[in-house]
Amino acid sequence: MLTWKDVLNFAQQGNPVPPRKVEKSEAEWKDLLTDEQFRITREKGTERAHSSQMCRLFEPGEYACTCCGTTLFDASEKFESGTGWPSFTQPQDVGHVAYHLDNSYGMVRVEVTCNICGAHLGHVFPDGPAPSGLRYCINAVSLKKVQNLA
């Protein structure tokens with residue numbers, strides 16, 4: 001289980017090695033994504049709080065990167081944070097999420113991206129529920145819900 005100490009270590013010392021990489025040009029991403037998906041995932045945008053039904057979706061399954069399809073989070077780690085964005089306590093696989101110090105807008109935060117394709121997902125904070133204390137605050141546009149096949 002990842003903790004805030006682990007998150008800071010990745011952000012400061014280097015991220016886990018991804019199992020694979022997906023690289024595309026800006027033009028290729030623009031062809032594959034909607035304008036909103038491109039703005040959020042490739043240009044580090046943010047969707048409006050409470051703008052997605054995904055915040056209220058708590059059925060079993062997995063959440064994958066909208067850009068490359070890599071599974072990022074499991075529904076069992078999802079919780080209602082009241083923030084207006086889907087929130088999770090842990091990534092499904094340590095190597096699928098990357099961490100970057102973000103000092104934008106006069107704040108000190110940790111940005112999370114897909115470690116496979118570099119898509120901006122959102123941020124992680126140390127104010128989540130026990131036992132990890134983590135809250136991955138993720139743009140719903142950065143995710144697509146996929147059902148478990150089991």
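Start with the open sheet of 3 strands: its order is β2-β1-β9, and the pairing is antiparallel. Remember as you go that this model is predicted. Colour β2 and β9 (143-146) next. These are the edge strands, and each pairs on one side only. From one strand to the next, the twist averages 35°.

Now zoom in on β1 and β9. The two run antiparallel, joined by 4 bridges. Select A64, then look across to β9: K144 stands opposite. In general, strands of a sheet pair through backbone hydrogen bonds, either parallel or antiparallel.

**Into the core**

Next, show the largest nonpolar core, which has 32 residues. Which members touch the most others? Select Y99, C117 and Y136. In soluble globular proteins, nonpolar side chains tend to be buried together.

Stay on C117. What does C117 touch, leaving out residues up to four places away in sequence? Select V22, W29 and R42, then C65, C67 and C68.

**Over to the pocket**

Move to the largest pocket. Its volume is about 300 Å³. There are 14 residues in the lining. Select K44, T46, R109, H120 and H123, the lining residues that lie nearest the pocket's centre. Which elements give two or more residues to this lining? They are β6 and β7. Finish on β7, which gives the most to the lining, with 4 residues.

How values were computed:
Residues are numbered from 1 along each chain as its sequence is written. This is a predicted model: local features need pLDDT of at least 70, side-chain atom pairs count only at pLDDT 80 or more; totals for chains, interfaces and linings use all residues. Side-chain values use heavy atoms; hydrogens and water are left out. A nonpolar core is a set of buried Ala, Val, Leu, Ile, Met, Phe, Trp, Tyr and Cys residues joined through side-chain atoms within 4.5 Å. Buried means under 20% relative accessible area, exposed over 50%, partly exposed in between (1.4 Å probe, protein chains only). Contact means heavy atoms within 4.5 Å. Two strands pair if DSSP finds at least two bridges between them. Axes are lines fitted to C-alpha atoms, for helices over the stretch in contact, and angles run from 0 to 180 degrees between N-to-C directions. On a 1 Å grid over the protein atoms alone, a cavity is a set of points where a 1.4 Å probe fits but cannot get out, and a pocket is an open set with protein on both sides within 12 Å along at least five of seven lines; lining residues have an atom within 4 Å of a point. Grid points are joined across faces, edges and corners, and a volume is the space filled by probe spheres set on the points.
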